[in-house]
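This briefing walks through one protein chain, topic by topic. Please keep the sequence and the model in view while reading.

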Amino acid sequence: MFTASRIFLKAFLAIAILTVSQSFAAADFDKDGKADFALFRPSSGVWMTQPANGEGGFTAFQWGTSSDVLVPADYDGDHITDVAVWRPENGTWYIRRSTDNSFAMIQWGRTTAYPTGDLADVPVPADYDGDGMADIAVWRPDTGEWFVLKSSTRYNVSKAAILNWGKFGDVPVQADYDGDGKTDIAVFRSWEKRWYIRQSSNGNWKVREFGIAGDMLVPADYTGDGKADIAVYRKGTWFVLNSKSGQMEPFQLGFTDDTPAPADYDGDGRTDFATYRKGVWYIYESAGPKLRTYNFGRETDVPLNSANVKCGIAMAP
């Protein structure tokens with residue numbers, strides 16, 4: 001039986017994964033090692049990309065609907081981001097492979113069609129097996145289970161990995177925190193203000209208190225050491241737990257209504273602080289360092305480099 005708070009959380013989760021649902025160099029469509037300016041337009045289902053240097057190479061194509069969850073990643077291992085969506089209504093992944101422009105449809109995950117009382121799964125694609133290709137994966141909010149279809153097994157369902165990590169009310173924050181080339185399963189528990197990370201390199205737990213309920217969760221490698229830093233975005237301020245020093249480092253960039261869109265826009269191996277607001281990109285490039293702005297998109301467009309950003313839900317189970 002659902003309590004009122006549980007019903008509210010179900011609705012909140014459904015909205016969250018459909019709007020802003022491992023590396024944050026996620027949108028590299030031209031294989032230059034730099035994140036592109038890339039957008040999804042919900043009203044038409046059109047994806048638009050522009051190279052990071054802002055010169056030439058504009059592309060636009062239709063893929064998905066306004067109710068789909070955006071899951072762009074490199075599923076075929078060619079170092080180019082593949083256009084992909086997960087459809088909550090039927091639990092199907094629709095992937096357009098950049099290697100040959102073929103497409104795949106793979107059903108994986110619990111859908112919104114289940115009876116009241118069941119939450120839809122949250123798609124969490126990432127490279128969990130370290131083969132250079134994104135795996136198809138979902139996290140189940142009701143049980144805290146991770147269901148991973150590994151690319152190394154050619155997405156063989158009989159060889160799927162099922163791991164239990166987290167519980168109801170948590171938010172998945174998968175990333176490579178230990179620098180072994182494999183994505184670690186991890187969750188943020190808002191009422192405890194803690195990150196629970198299971199390191200793939202040795203299976204050990206890592207627990208860190210960082211952030212507050214309601215923060216935008218933006219883990220990525222901001223220091224360039226090959227390890228994702230625990231990080232949050234809060235009303236224009238970025239707070240990063242430096243994986244090298246263990247110190248918290250704040251940085252000011254953005255406003256309350258901005259959408260954080262961190263990625264490596266300058267190709268130096270470090271994630272850059274970046275936000276998107278009403279068609280304007282604001283990027284602080286770490287290579288310079290320098291601040292630059294770029295006009296591309298509309299107010300209602302969704303920047304693809306926010307696809308892995310999640311909200312630290314302000315509610316205990």
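A salt bridge is counted here when a side-chain nitrogen of Lys or Arg lies within 4 Å of a carboxyl oxygen of Asp or Glu. By that criterion, the side chains of aspartate 301 and arginine 41 form a salt bridge, with 2.8 Å from N to O. The model is a predicted one, and its chain holds one helix and 25 strands.

**The chain as a whole**

- Of the 317 residues in the chain, 54% are buried.
- The chain exposes about 13500 Å², and carbon and sulfur atoms supply 52% of that area.

**Salt bridges**

- Side chains of opposite charge can pair when their charged atoms come close.
- A search of the whole structure finds twelve salt bridges, and the pairs described below show where some of them sit in the chain.
- The salt bridge between aspartate 301 and arginine 41 links distant parts of the chain, since aspartate 301 belongs to the loop between S23 and strand S24 (302–303), while arginine 41 belongs to strand S1 (residues 37–41), 260 residues apart.
- Are the two partners of this pair buried or exposed? Aspartate 301 has a relative accessible area of 5% and counts as buried, and arginine 41, with a relative accessible area of 13%, is buried as well.
- The side chains of arginine 234 and aspartate 215 also meet in a salt bridge, with 2.7 Å from N to O.
- Arginine 234 lies in strand S17 (residues 230–234) and aspartate 215 lies in the loop between strand S15 (205–209) and strand S16 (216–217), so this pair ties together parts that are 19 residues apart in sequence.
- Within this pair, arginine 234 is partly exposed, with a relative accessible area of 27%, whereas aspartate 215 is buried, with a relative accessible area of 2%.
- Arginine 270 and aspartate 268 bring their side chains together in another salt bridge, at 3.1 Å from N to O; arginine 270 is partly exposed, with a relative accessible area of 29%, and aspartate 268 is partly exposed at 27% relative accessibility.
- Salt bridges can also join into a network, as they do for Asp170, Arg189, Glu192 and Arg194.

- Strands of a sheet pair through backbone hydrogen bonds, either parallel or antiparallel.
- Strand S21 (residues 273–277) pairs with strand S22 (residues 280–285) in the antiparallel sense over five bridges, and within this pairing threonine 275 has tyrosine 282 of S22 as its bridge partner.
- The hairpin of S21 and S22 has two residues between the strands, and in this hairpin lysine 278 takes a positive phi near 50°.
- On to the next pairing, S22 and strand S23 (residues 290–295) run antiparallel and are joined by six bridges, with isoleucine 283 standing opposite arginine 292 in S23.

**An open sheet of four strands**

- Elsewhere in the chain, four strands form an open sheet in the order S4-S5-S6-S7, and their pairing is antiparallel.
- Strand S4 (69–70) and strand S7 (103–107) are the edge strands of this sheet, and each of them pairs on one side only.
- S4 and strand S5 (residues 83–87) pair in the antiparallel sense over two bridges, and leucine 70 stands opposite valine 85 in S5.

Terms used
Residues numbered from 1 in each chain as written. Predicted model: local features only at pLDDT ≥ 70, side-chain atom pairs only at ≥ 80, totals over all residues. Heavy atoms only, no water. Pairing = 2+ DSSP bridges. Buried < 20%, exposed > 50% of the residue type's maximum accessible area, 1.4 Å probe, protein only. Areas by Shrake-Rupley, 256 points an atom, 1.4 Å probe, with all protein chains shown as cover.
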